[in-house]
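I opened my notebook to look up a few contacts and strands. Here is what I wrote down, entry by entry.

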Amino acid sequence: MQALDAGELIKQFMRSAAQQVYVVTARDLGGSYAALTVSSMTSLSISPPLILICIDRSSRSHEVLTQTPYFIVTMLSKDDEWVSRLMAEPGDALDKLRRVNYVESRYGPMLPGDRPYLVARRWAVYDGGDHSIIVGEVVDGSAPPMRCPLLYQNRAYTTVKGC
């Protein structure tokens, strides 16, 4: 077996992991928007209530997300594959948000509908190599039950058995 470079090894390893798909949205104090699809999101702490997202430094949304006071993480269902694909496209964040008929909240732009979401106040930003690790303190949200989450595995969208 030929040895892989460590970066390729990580990619191949993570492709096998089924990961929940999220959309992250934000508006900074200057009025610039962020909207992108992510799978690198996790809870970090319950007390205080912290989550983290990892954002590629080359992302058009990177600067907004490292500067915004709040960001919103929305969990997608299997019916939201089109939203995930749209938010993963390159392009203007506000234009993408308009295409999903976003709602402007006091914390920033939100996806419409009854989806699980968390609002986080930016707590810290750490260097993560070619990504930034953005930690947020959860200050609001909603967690309606989701039966059929949108997952990404082996470069394809999927969901859980029985959906």
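Entry 1: Glu-137 lies in strand E10 (residues 131–142) and Arg-121 in strand E9 (residues 117–128), so the pair ties together parts that are 16 residues apart in sequence. A salt bridge here is a side-chain nitrogen of Lys or Arg within 4 Å of a carboxyl oxygen of Asp or Glu. Helices (H or I, at least four residues) and strands (E, at least two) are DSSP runs, numbered from the N terminus. Arg-121 counts as partly exposed, at 35% relative accessibility. In these notes, buried means under 20% relative accessible area, exposed over 50%, and partly exposed in between (1.4 Å probe, protein chains only).

**Entry 2: where my values come from.** I am reading a predicted model, where local features need pLDDT of at least 70 and side-chain atom pairs count only at pLDDT 80 or more, while totals for chains, interfaces and linings use all residues. Residues are numbered from 1 along each chain as its sequence is written, and side-chain values use heavy atoms, leaving out hydrogens and water.

Entry 3: How many salt bridges does a search of the whole structure find? I noted 7. One joins Lys-11 to Glu-8, at 3.2 Å between the closest N and O atoms. The two are 3 residues apart in helix H1 (residues 6–15), so about one helical turn separates them. Lys-11 is partly exposed at 44%, and Glu-8 is partly exposed at 32%.

I also looked up Glu-81 and Arg-85, whose side chains meet in a salt bridge of 2.8 Å, N to O. They sit 4 residues apart in helix H3 (residues 81–88), again separated by about one helical turn.

**Entry 4: the sheet.** In what order do the strands of the open sheet run? I wrote down E3-E2-E6-E9-E10-E5-E4, 7 strands with antiparallel pairing. The edge strands are E3 (33–38) and E4 (41–45), each pairing on one side only. Two strands pair if DSSP finds at least two bridges between them. E4 is joined to strand E5 (residues 50–56) by 4 bridges, and the two run antiparallel. I found Leu-52 in E5 as the bridge partner of Thr-42.

**Entry 5: Gln-19.** This residue lies in strand E1 (residues 19–20). Leaving aside neighbours within four places in sequence, I found Gln-19 in contact (heavy atoms within 4.5 Å) with Met-14, Ser-39, Leu-150, Leu-151 and Tyr-152.
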